[in-house]
Structure formats: C-alpha cells, structure tokens
Amino acid sequence: LNANLPGIIAKACFITNTKLIHISTDHFFNDEDRKHTEKDDVSLLNIYSKSKYEGEIQVLSNLSSALVCRTNFFGYGPAHKLSFSDWIIKSCKNREPINLFNDVFITPVSGHKLASISHELLDLECEGIFNISADEKISKFEFGILLCKNLKLSTAFIKSGSIFERKDLIKRPNSMALSNIKALKKLNKKIGDPEIQIKSM
C-alpha cells in the first residue's frame, strides 16, 4: 500500500498525463533536534518509514513531475478510526488520563491546510519533494495542551512523558520536525505556526 500502489498510480498518471499529489510522511529522520530539509539524508528506523520512502522513489521514478508532500497532518478522522487529535479530544472529554511525549517533536499542519497548500504548489507547477509543515516545531505534549486549550477543554488529563520510557513501542524517530522554507519561497507566504493550524481545523 505504501510503496507499490503509489508507483502504479504514478505510472497511470504518466500514461494519462494527469497531475499527482503524493502524501508522504515525516518519519525519515532520527534524533536530531532541528527542522529537516528535503535534502537531508534519511534515517529509516522501521518498516513504516522504509515503505513510505520506497513509495516516494517509485512515484518519482514513474512520474518525475509528481508533487511529493512530506508532512505530519492532523484533523478529524473517519468514523471507524480515531486520528491522533481525535484521541486527545475524546480522552479529555471523557476525563481519561493520557500520556503525550515531551521529547517527540513535530511540525503539524491541519488536513485542511495540507490540502490547500499542496494544490497551490501544484498550480505553481512545483514537482519533486516538498515539506508541508507548520512554521515552528512543537512537542506532542505541547500540541495536546494547545489543542485542548483552543477547544476550551480541560488539560488536566494530559500527562507529560518520555518516548524513551516506552520500551513496548516499535523503534521510531523522536525528532520529525520539517523545514518548510522551500515551500515558503514558492508560495511567498507563511504556512503558520501550530496554533494557527489548530484554529484552521
């Protein structure tokens, strides 16, 4: 699903002269506490990141004009599966304590903002890999607090924890922050910080 199917779709788009936006991920880096650019070397820590990276390769191999968006997006998920932000909101509404990592850093955008920005880039004839991310990085714990405060929900049930305490989890990066400078130069405008992203939900 993450590797072969995008390549097949890209091949079909090449044959039919159709534009393609491919949604990738931010799971390509390790533990460096900085925002990563599109040119940074990747560090593939698990099967998910390996399959998503293979998807990028297959898409661009079959359709060099494709727009590949590296991102971390949030928003309301489908009825059958809670998104990350859905889980936080539901837990706080139900007064269920949750632990969010204070040492995992992301640059999250809303699904709405991801859609609008990616289409703007496509209209500008952009191709290749672009980071679509918030202007500033934030920890998952800080994101949860900010989300609930903006929705006027109690933050009392959000606890701060470290990813290194979770020995049960598959190995994953703790610094996934992306630099959006390349996109900003094309758009000639800012995408907005995490709070602006939350307000756009």
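This is a predicted model: local features need pLDDT of at least 70, side-chain atom pairs count only at pLDDT 80 or more; totals for chains, interfaces and linings use all residues.
Colleague: What does the C-alpha trace span along the principal axes of the protein?
Modeller: The protein is built with 7 helices and 9 strands. Along its principal axes, the C-alpha trace spans about 55 × 35 × 35 Å.

Colleague: Which percentage of the residues of the protein count as buried?
Modeller: Buried means under 20% relative accessible area. Cys13 is buried, at 10%. Cys126 is buried too, at 5%. Of the 201 residues, the buried part comes to 48%.

Colleague: Among contacts between residues at least 6 apart in sequence, what percentage join residues at least 24 apart?
Modeller: A contact needs heavy atoms within 4.5 Å. Take the contacts between residues at least 6 apart in sequence. The part joining residues at least 24 apart is 80%.

Colleague: How many disulfides does the structure hold?
Modeller: A disulfide needs two cysteine sulfur atoms within 2.5 Å. For Cys13, the closest cysteine sulfur is in Cys69, 14 Å away, so it is too far for a bond. Cys126 is in no disulfide either, with the sulfur of Cys69 nearest at 9.6 Å. The number of disulfides in the structure is 0.

Colleague: How far apart are the mean positions of the positive and negative charges of the protein?
Modeller: The protein has 28 positive and 23 negative charges. Each set has a mean position, and the two are apart by 4 Å.

Terms used. Residues are numbered from 1 along each chain as its sequence is written. Side-chain values use heavy atoms; hydrogens and water are left out. Helices (H or I, at least four residues) and strands (E, at least two) are DSSP runs, numbered from the N terminus. Buried means under 20% relative accessible area, exposed over 50%, partly exposed in between (1.4 Å probe, protein chains only). Lys and Arg count as positive and Asp and Glu as negative; His and the chain ends are not counted. The place of a charge is taken as NZ of Lys, CZ of Arg, CG of Asp or CD of Glu.
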